[in-house]
Amino acid sequence: MRRARSRVWSLAATLSALALAAIGGDYFRAIGQQKFAASQTYEDIYYLPPPDYLLLGSLGYRAALADLIWMKALVYYGEELVHRGDVSHLYRYGDAMLALDPDFKRVYRWIASSALYRTGEVKLSDAQAAIRYLERATQRFPDDGELAWDLGANYTYELASMLPIGPERDAARRKGLDYLEAAVLRKAGPPWLVLHTASQLQALGRREQAIRHLEDV
């Protein structure tokens, strides 16, 4: 009887110790998680390894990892619109996704629009960054009229308006019109773009090109 009671008491003590350990573990785990979250800086939350590391870490599933980063980037951008209006990490996410999947066409257009159409101050460097991504996209997808429209519009209506009156602005407008013309020929862009492009070409003294443009359309 004594041995049986001893075994019962030993078992009860063991179970009690395990229960206390589980409760204590949950308690200390919760405290640890709270302290960890409180210690995280803004950069820690949105940190991404360099693209080279991501390529290795993807274990060959590059497109799948690019999709995961895409979801993280959308959350980041949405939170930025509400809280800070800063998109300093936008290009880091874009570079990561395009390093993993350079054919992820939607990313090029998303970065370009997100860089310009947002809360907060939009700078000349943002317009230039948007154009760089769209130029990469048009080189990779030369027959895509919508990309040509985006790039032409960024040159003509965004970048040119941020530049001082002079040769640099004129050069941006000329380059933009070349892409707008390409967009029209690929049946992309809004309906008014045909006549608008022709009138802009004529305003820049390119009357023969404007005529050819209308004839081609």
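1. Lys 175 and Glu 135 form a salt bridge through their side chains, at 3.7 Å from N to O; the term denotes a side-chain nitrogen of Lys or Arg within 4 Å of a carboxyl oxygen of Asp or Glu. This pair links distant parts of the chain, with Lys 175 in helix H9 (residues 167-185) and Glu 135 in helix H7, 40 residues apart. Lys 175 counts as partly exposed because its relative accessibility is 38%, the classes being buried under 20% relative accessible area, exposed over 50% and partly exposed in between (1.4 Å probe, protein chains only).

2. The model is predicted: local features need pLDDT of at least 70, side-chain atom pairs count only at pLDDT 80 or more, and totals for chains, interfaces and linings use all residues. Residues are numbered from 1 along each chain as its sequence is written, and side-chain values use heavy atoms, with hydrogens and water left out.

3. Six salt bridges are present in the structure. One of them joins the side chains of Arg 109 and Asp 150 at 2.5 Å, N to O. Arg 109 belongs to helix H6 and Asp 150 to helix H8, so the bridge ties together parts that are 41 residues apart in sequence. Arg 109 is partly exposed at 32% relative accessibility, whereas Asp 150 is buried at 15%. Through shared partners, Arg 109, Glu 146 and Asp 150 form one network of salt bridges.

4. Arg 118 and Asp 126 also meet in a salt bridge, at 2.9 Å from N to O. Arg 118 is buried, with a relative accessible area of 16%, and Asp 126 is buried as well, at 9%.

5. As to secondary structure, the protein has 11 helices and zero strands; these are DSSP runs numbered from the N terminus, helices being H or I of at least four residues and strands E of at least two.

6. Which residues have the most contacts inside the largest nonpolar core? They are Ile 69, Met 97 and Trp 110, in a core of 40 residues. Such a core is a set of buried Ala, Val, Leu, Ile, Met, Phe, Trp, Tyr and Cys residues joined through side-chain atoms within 4.5 Å. Helices H4 (62-83), H5 (90-100), H6 (105-116), H7 (124-140) and H8 (145-162) each supply at least two residues of this core. A second, separate core of 13 residues includes Ala 183, Val 184, Ala 198 and Leu 201.

7. Buried residues account for 38% of the 217 residues in the protein.
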